[in-house]
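Here is a friendly walk through one protein model and its ligand. Have the structure open as you read.

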Amino acid sequence: MYQDSSWLEDCKVSKVTAAIVNIVEKPWERVVIDGELHKHGFKLGSEKHTTEVIVHKSGSLQVTSGIEGLSVLKTTQSGFEGFIRDKYTALPETRERMLATEVSASWRYPYDSLSGIPSKPHYFNERYLDIKRSLMETFFGSPKEGVYSPSVQSTLLQMARNVLNSFPDVASIKLKMPNIHFLPVNLSSKNNQIVKFNDDVYMPTDEPHGSIEASLSRIHSKM
Ligand SMILES: O=c1[nH]c(=O)c2[nH]c(=O)[nH]c2[nH]1
């Protein structure tokens, strides 16, 4: 196991100037049978833990970690209003809708050489779990009260800000959160009367959807 970039000397290919390593951790989770954690049974969860490490021959380093495919949905406490309207705007304003998205996040650590990386065991794994928890707490709010989201954009910005405020060892963060729509359905009966379900039946739609993303970094970040 190399602790520095001497592996680049050993590989004797002078044209090699850097190595890029990408790792994806699949979330195998212990199954629960009759309320009890199974001793040897696992099922594959959804979101993945990603990381990319780039080491240059000079010894310089970039470490980025992230989350892919974190699908989340809340059934209330979401709206979208006050946006600019013109003659093409068809979307009604609302203070009550369903909010669903698939969060992709990537954040850069500030370490620029191998010697700067904390030697604490499981440091990166703990930080991944802490950041995931912070993103979820900001998205959902407290279990009983929740938190109102005025738009995906606003919630995304708050999620990124909270990560930068809580974790000094995160230099920058990028979040992508497509707006996955579930539109309320009103069914027509035979004599063309609309049957109102008071917004309790929803239609999942693929298109159109908004691609909403932002990158936030500290003033001195290299991202
Ligand atoms: O939170 C939202 N942001 C948008 O930009 C947008 N656009 C849209 O049609 N619905 C929404 N919702």
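The notes below cover the ligand site and then the aromatic pairs.

## About the model

This is a predicted model, where local features need pLDDT of at least 70, side-chain atom pairs count only at pLDDT 80 or more, and totals for chains, interfaces and linings use all residues. Residues are numbered from 1 along each chain as its sequence is written, and side-chain values use heavy atoms, with hydrogens and water left out.

## Around the ligand

Val152 uses a backbone N or O atom, 2.7 Å from an oxygen of the ligand. Taken alone, the ligand exposes 290 Å², and the protein buries 77% of that (Shrake-Rupley areas, 1.4 Å probe).

## Aromatic pairs

The whole structure holds eight aromatic pairs, meaning Phe, Tyr or Trp rings (for Trp, the six-membered one) with centres within 6.5 Å; planes under 30 degrees apart are stacked, over 60 edge-to-face and the rest tilted.

Tyr109 and Tyr123 make a tilted pair, with 6.2 Å between centres and 55° between planes. This pair links distant parts of the chain, 14 residues apart: Tyr109 is in the loop between strand E6 (99-108) and helix H2 (123-140), while Tyr123 is in helix H2. Helices (H or I, at least four residues) and strands (E, at least two) are DSSP runs, numbered from the N terminus.

Notes:
A polar contact is a pair of N or O atoms within 3.5 Å; within protein, one must be able to donate a hydrogen and the other to accept it, and residues adjacent in sequence count only if both atoms are side-chain atoms.
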